[in-house]
Amino acid sequence: MMTQADQLKLSGQLPSPRGVALAILELSRRENATLGEIAHVVQTDPALSGRLIKLANTASNIARPVVSVQEAVVRQGMATVRHLALGFSLVDQYRDGACEAFDYKGYWSHSLLMALCMQALGARVHIAAADELFVCGLLAQVGKLALATAYPDEYNAVLLARQADPTQPLITLERSRLETDHVEMGIALMADWGVPSTFTHPLTHYEEPDYSGFPHDSRANSLVLMLRLSHRLADLGQIDADARADLLEDWMAQAIALDISPETAGSFIDDVIHHWREWSTQLKIPAVALPPFAEICHGHHEAESPIQGDGMTDIEMPLRIVMADSNTIRRRRIMALLIQNSEHTVYPAENGNAALALAMEVLPHVIIAHYDLPLLDGVELCQALRATEEGRRMHILMTSDEHGEEQLNRAYEVGADGYLPGSLSARGLHTRLRASQRMIHLQTAWEKDRAQLRQIAAELAVANRRLANAALTDPLTGLPNRRSAMEQLEQAWSAASRSGQPIAVMVIDIDHFKQINDTYGHAAGDQVLREAATILRTSARREDSVCRIGGEEFLVICANTDLCAALQSAERLRANLSASRITIGDTTNTLTVSIGVAAREPVTNDIDALVSSADQALYAAKEAGRDKVCARQHSVFH
């Protein structure tokens with residue numbers, strides 16, 4: 001059955017790229033397209049050229065800055081350039097529109113800040129190229145723009161309904177009026193634009209705060225955390241100034257899961273905001289003038305309670321108290337005693353229903369309830385409160401006109417914390433409140449301990465994830481190492497065996513690498529390996545996995561790929577490498593590689609035999625003069 005999103009794609013009503021961006025999109029879909037052709041098209045648009053160079057330098061960690069379009073395209077790769085051109089094209093085209101309630105400028109301001117935060121997080125959590133993460137953040141909310149473009153009047157009504165009742169989830173309102181929502185629409189658009197499922201799957205779920213369907217140590221789960229943090233930080237530019245400190249406190253608590261400590265959060269956020277202002281000027285997008293992190297947080301945290309000489313926290317603290325009694329005279333008398341010589345805030349309630357509603361609204365520390373309340377008596381009120389998470393934290397004191405052991409026992413039986421006789425003096429009342437204050441302090445200390453344990457658990461999870469990543473990652477190039485390559489190949493082999501689909505591998509060797517090490521030194525050799533790895537990763541097809549398996553050798557795993565397609569892909573990798581200029585020592589030279597390709601055949605027994613066939617093809621390419629692609633099929637070299 002065709003979805004609403006599919007129907008809109010066919011109708012041509014959705015946001016789409018134009019001009020140079022459209023040309024890049026169409027060119028990149030050709031199997032034999034090269035980075036040189038992409039760079040030539042990019043150069044016809046000066047604004048796009050400048051933006052790509054700026055982004056390459058923002059994300060790059062190499063010493064030599066990127067100064068040409070050719071370099072920027074090689075560093076970012078074909079897929080990333082395609083998506084960046086698409087994103088920047090949408091920014092230029094959709095600065096305003098027909099949907100009156102949709103804040104187009106605010107949308108792009110939020111999306112840009114989200115993109116830059118994703119890019120910055122990518123420098124810390126090495127799960128994807130920083131530029132790819134920039135695109136992911138920039139397009140994360142594109143479904144909203146799509147709905148505002150395709151249904152301007154209907155989406156205007158949705159946004160007005162949300163403004164009238166902010167408690168209503170936006171997705172629910174979208175679904176009820178449009179039979180689709182911004183998440184579904186955005187995923188459909190990004191899939192159509194060729195954004196890999198690696199990014200679209202996490203984008204499907206990151207707005208669901210309780211979603212935990214991805215394995216804890218998976219890349220998808222890390223992306224969900226990064227998207228949530230980036231979206232939250234982007235909210236900073238759109239909320240009231242007095243709410244910013246609370247947002248940052250919440251952000252820092254979540255950021256621990258990505259190894260961003262409270263001590264480093266300030267510099268991280270200030271740096272992202274700085275780049276946001278720079279990019280906003282270049283893209284002509286408004287950006288709120290946000291103060292520095294330290295200024296936002298200054299004075300926000302409450303001072304710690306003073307510590308007495310006996311080590312106990314001072315328990316004289318203001319309380320929120322609900323006083324529930326239908327007898328007006330008695331209620332006012334007890335309220336007068338409660339506020340006498342204290343800073344307590346007391347809320348009156350004349351029946352049980354009013355007391356319950358008030359308790360859920362103000363979340364009092366203490367509730368004093370008479371047994372004989374109308375509508376909902378004191379016992380029923382106590383039981384109703386104890387059935388809720390918030391109510392179990394409240395200190396409940398029952399009271400009545402009579403005073404005896406029966407009333408005291410009854411109070412404890414229904415879940416109350418104590419009993420107040422109607423004739424209690426001011427001193428007796430405040431003595432009981434001190435017990436309430438002591439309990440609240442114990443609860444606070446317990447919650448603080450729990451928070452510390454959660455932080456420790458989060459830090460351990462981060463450390464374990466880093467260790468797991470380190471065990472599977474080549475530290476020099478950031479590519480999967482030999483162990484990871486063999487595990488991935490084993491999985492791809494098993495999947496191909498079940499489905500009957502083809503599988504191929506390439507073994508790539510840098511030509512004359514020993515001569516580079518001997519002439520320029522091992523430091524220069526390491527730089528060559530890093531730059532070669534970057535070019536291979538950005539030039540490879542998005543579904544292929546590029547790994548370093550030792551020395552100057554790389555392995556590319558091509559799932560669902562026959563020998564012909566693998567040869568075409570290998571030739572493109574060879575051509576892109578030979579067309580690139582790489583710094584070796586004090587000179588800039590070209591680099592060539594020899595590539596051996598092999599595909600699974602009926603006589604190929606296992607992954608070792610498959611890699612061995614590719615190795616033999618590699619040796620044949622070397623023997624043929626290097627800078628060549630050679631394949632082995634039926635024991636014959638081609």
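# Buried spots and crossing helices

Cys136 is buried, with a relative accessible area of 5%. Keep in mind as you look around that this is a predicted model.

**Cysteines**

- A disulfide is a covalent bond between the sulfur atoms of two cysteines.
- How many disulfides does the count come to? The count comes to zero.
- Another cysteine to look up is Cys382, which has 1% relative accessibility and so counts as buried.

- Ser111 belongs to helix H7, which covers residues 104–122.
- Is Ser111 buried or exposed? With a relative accessible area of 2%, Ser111 is buried, because anything under 20% counts that way.
- If you skip its neighbours within four places in sequence, Ser111 is in contact with Gly137 and Leu138.
- Asn221 sits in helix H14, residues 219–235. The relative accessible area of Asn221 is 14%, so this residue is buried too, given the cut-off of 20%.
- Which residues does Asn221 touch, not counting those up to four places away in sequence? They are Phe214, Pro215 and His216.

**An enclosed helix**

- Helix H9 runs over residues 142–150, and eight of its nine residues are buried, so the helix is largely enclosed by the rest of the structure.
- The buried residues of H9 are Val142, Gly143, Lys144, Leu145, Ala146, Leu147, Ala148 and Ala150.

**Helices H23 and H27**

- Two packed helices are described by the angle between their axes and the distance between the axes.
- For helix H23 (residues 482–499) and helix H27 (residues 607–623), the angle is about 110° and the axes are 10 Å apart. That angle makes H23 roughly perpendicular to H27.
- The crossing of H23 past H27 is right-handed.
- On the H23 side, the contact is made by Met486, Leu489, Glu490 and Trp493, while H27 brings in Ile607, Leu610 and Val611.
- Sort those contact residues by type and you get six nonpolar, no polar and one charged.

- Val505 is part of strand S6, residues 503–510, and it is buried, with a relative accessible area of 0%.
- Leaving out neighbours within four places in sequence, Val505 is in contact with Leu489, Leu610 and Val611, among others.
- Other contacts of Val505 include Leu555, Val556, Ile557, Gly596, Val597, Ala598 and Ala614.
- How far is the C-alpha atom of Val505 from that of Ala570? The separation is 9.6 Å, although the two residues are 65 residues apart along the chain.

**Helices H25 and H26**

- Helix H25 (residues 522–539) packs with helix H26 (residues 563–579) at an angle of about 135°, and their axes are 10 Å apart. This angle makes H25 oblique to H26.
- H25 passes H26 in a crossing that is right-handed.
- From H25, the contact uses Ala532, Ile535, Leu536 and Ser539; from H26, it uses Arg572, Leu573, Asn576 and Leu577.
- By type, the residues in this contact of H25 with H26 split into five nonpolar, two polar and one charged.

Note on methods. Residues are numbered from 1 along each chain as its sequence is written. This is a predicted model: local features need pLDDT of at least 70, side-chain atom pairs count only at pLDDT 80 or more; totals for chains, interfaces and linings use all residues. Side-chain values use heavy atoms; hydrogens and water are left out. Helices (H or I, at least four residues) and strands (E, at least two) are DSSP runs, numbered from the N terminus. Buried means under 20% relative accessible area, exposed over 50%, partly exposed in between (1.4 Å probe, protein chains only). Contact means heavy atoms within 4.5 Å. Axes are lines fitted to C-alpha atoms, for helices over the stretch in contact, and angles run from 0 to 180 degrees between N-to-C directions. Angles under 35 degrees count as roughly parallel, over 145 as roughly antiparallel, 65 to 115 as roughly perpendicular and the rest as oblique. A crossing is left-handed if the near helix is turned anticlockwise from the far one by less than a right angle, and right-handed if clockwise. Ala, Val, Leu, Ile, Met, Phe, Trp, Tyr, Cys and Pro count as nonpolar, Asp, Glu, Lys and Arg as charged, and the others, Gly among them, as polar. A disulfide is a pair of cysteine sulfur atoms within 2.5 Å.
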